[in-house]
Amino acid sequence: MTKQIHLAAHFPGVNNTTVWSDPLSGSQIDFDSFRHLAQTAERGKFDFFFLAEGLRLREMKGRIHDLDVVGRPESLTVLSALSAVTTRLGLAATVNSTFNEPYEVARRLASLDHLSGGRAAWNVVTSYDAFTGENFRRGGFLDEADRYTRAAEFLQTVRELWDSWTPDAVTADAATGEFVRHGGITQFRHQGRHFDISGFFNVPRSPQGHPVIIQAGDSEEGREFAASAADVIFSRHSKLEEGRAFYQDVKRRLASYGRLPEDLKILPAVTYVLGDTDAEAAERAAGIRRAQVSPQTAISFVEGIWGRDLSGYDPDGPLPDIEPDLEEGVSKGRAQFRRDRGEVAAKWRALAQEKNLSIRDLVIEVAAPQTFIGTPASVAGEINAFVQADAADGYIFVPHLTPGGLDDLVDKVVPLLQERGVFRTDYTGPTLRDHLGLRKETS
């Protein structure tokens with residue numbers, strides 16, 4: 001059976017994928033940038049538009065890390081504004097479960113679902129580190145081992161709040177003077193390890209029942225959490241074979257929670273580069289990668305793993321001949337630099353020696369996301385081949401430019417997927433659950 005492909009758009013930023021110094025790159029803050037990318041995605045009939053978010057600015061050697069994009073408006077605020085200038089596109093926000101409260105998050109997401117007519121999604125993320133926690137009253141109170149237990153209870157509590165209103169609670173019957181049906185709102189009461197709350201939720205049940213739940217963790221705990229509770233996984237396993245392995249691993253876990261394989265969509269993050277020929281596209285892609293990994297960025301990546309100031313090293317020279325400092329390190333706020341640094345450094349040394357790579361060339365190789373590179377026809381064919389091979393259910397595209405980075409994909413590749421019959425030519429329903437083929441949550 002031929003699978004239908006799911007596509008989503010990621011507003012670029014928060015990492016070095018974004019080439020903000022390119023003359024074609026626009027603002028990361030102006031609303032017009034968000035509107036352009038979102039409306040392009042909707043013109044392409046994409047499932048949803050995704051915003052990542054961090055709760056603290058990253059630092060390198062005690063200074064703000066400004067090689068990547070620094071700072072952006074709060075996600076749910078942006079998506080609420082976008083709900084007024086889009087009609088079908090799903091709107092997905094990253095909201096942290098460690099440094100927020102269930103009642104507040106439940107209200108904000110239910111409100112977005114109402115404002116958008118059923119298009120809201122929540123990317124549930126966790127944070128364990130005291131560095132981020134310093135921005136909050138509770139500080140770094142949460143051990144890393146507890147982050148998914150809190151996230152699971154957080155999500156359970158939010159769903160209890162949403163479920164405290166029945167779908168038909170609001171009657172607004174002028175004849176009887178009854179606005180809310182008797183019994184349509186029940187008192188919530190949650191007592192658990194992390195939350196002890198009770199009361200009445202003040203937002204009626206939203207069009208989807210529950211906004212779509214997205215999860216991006218890759219650890220054993222993250223995969224199990226996704227299998228038990230998520231509707232979508234935002235995966236980093238985008239290459240063919242590792243994508244297939246991840247897909248099989250997560251999908252097999254669903255049965256133990258009474259779920260079917262189609263109840264969870266796996267959507268890796270990818271980029272793309274087009275050209276009139278495959279050779280032209282490959283040349284363009286190489287240029288983009290070198291722009292994404294500037295000499296300064298290359299040194300900062302290696303510093304993050306080595307935990308040392310390496311500013312005296314030549315980015316076009318070999319890796320440092322000194323051993324990594326495995327203590328606290330010099331990079332804060334980047335998850336990839338917080339664990340297994342000794343093991344990563346050893347792998348990098350072996351790869352650099354095997355291929356005779358400089359620091360910059362090594363970082364270009366190891367930090368590159370899966371990129372579909374080629375003519376529109378070859379890119380469309382490869383996307384379809386990966387999905388049909390169960391390496392993914394579709395892809396979240398992360399362009400390297402703001403805000404026009406998806407224009408070519410929508411104009412040149414999407415029509416070819418539609419001609420193959422593997423991607424919709426129009427939306428078939430009003431809600432994000434409709435786009436994803438997920439059932440409406442009614443209880």
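A salt bridge here is a side-chain nitrogen of Lys or Arg within 4 Å of a carboxyl oxygen of Asp or Glu. The structure, which is a predicted model, holds 32 of these salt bridges.

**Salt bridges**

Select Asp68 and Arg58 to begin. Their closest N and O atoms are 2.4 Å apart. This pair links distant parts of the chain, with Asp68 in the loop between S4 and helix H2 (75-82) and Arg58 in the loop between strand S2 (48-51) and S3, ten residues apart. Asp68 counts as buried at 3% relative accessibility, and Arg58 counts as buried at 17%.

Next, select Asp146 and Arg193, whose side chains form a salt bridge at 3.0 Å, N to O. Here the parts joined are 47 residues apart: Asp146 belongs to the loop between helix H4 (130-133) and H5, and Arg193 to the loop between S9 and S10. Which of the two is buried and which is exposed? Asp146 is buried, with a relative accessible area of 15%, while Arg193 is exposed at 60%.

Move to Arg181 and Asp168, a salt bridge with its closest N and O atoms 3.1 Å apart. Arg181 is in the loop between strand S8 (178-180) and S9, and Asp168 is in the loop between H5 and strand S7 (170-173), so the pair ties together parts 13 residues apart in sequence. Arg181 is partly exposed at 28% relative accessibility; Asp168 is also partly exposed, at 44%.

Now select Asp218, Glu220, Arg223, Glu224, Arg236, Asp249, Arg252 and Arg253 together. Salt bridges with shared partners join these residues into one network.

**Aromatic pairs**

Colour the rings of Phe, Tyr and Trp. Pairs form where ring centres lie within 6.5 Å, and the count comes to 13 aromatic pairs. Phe11 and Phe34 are stacked, because their centres are 4.2 Å apart and their planes are at 20 degrees. Phe11 is in the loop between strand S1 (6-10) and helix H1 (31-43), and Phe34 is in helix H1, 23 residues apart. Both residues are buried.

Phe154 and Phe195 make an edge-to-face pair, 5.6 Å centre to centre with 80 degrees between the planes. Phe154 is in helix H5 (residues 147-162), and Phe195 is in the loop between strand S9 (188-191) and strand S10 (196-199), 41 residues apart. Phe154 is buried at a relative accessible area of 0%, as is Phe195 at 4%.

For a charge against a ring, select Arg56 and Phe131. The charged end of Arg56 sits over the ring of Phe131, 3.8 Å from the ring centre.

**Nonpolar cores**

The largest nonpolar core has 75 residues, and those with the most contacts inside it include Phe46, Phe49 and Trp122. H5 gives the largest share of this core, seven residues. Another core of 18 residues lies apart from it, with Val293, Ile299, Leu310 and Val363 among its members.

Return to the largest core and select Phe372, also one of the residues with the most contacts there. Ring pairs link Phe372 with Tyr272, Phe386, Tyr395 and Phe397 in a cluster. Contacts of Phe372 beyond four places in sequence include Val270, Thr271, Val379 and Ile383.

**A three-stranded sheet**

Finish at the open sheet with strand order S4-S3-S14 and antiparallel pairing. Strand S4 (63-64) and strand S14 (331-332) are the edge strands, each pairing on one side only. Strand S3 (residues 59-60) pairs with S4 over two bridges. Select Met60 to find its bridge partner in S4, Arg63.

Definitions and conventions
Residues numbered from 1 in each chain as written. Predicted model: local features only at pLDDT ≥ 70, side-chain atom pairs only at ≥ 80, totals over all residues. Heavy atoms only, no water. Phe/Tyr/Trp six-rings, centres within 6.5 Å; stacked < 30°, edge-to-face > 60°. Helix = DSSP H or I, 4+ residues; strand = E, 2+ residues; numbered from the N terminus. Buried < 20%, exposed > 50% of the residue type's maximum accessible area, 1.4 Å probe, protein only. Lys NZ or Arg CZ within 6 Å of the ring centre and 35° of its normal. Core = buried A, V, L, I, M, F, W, Y, C linked by side-chain atoms within 4.5 Å. Contact = heavy atoms within 4.5 Å. Pairing = 2+ DSSP bridges.
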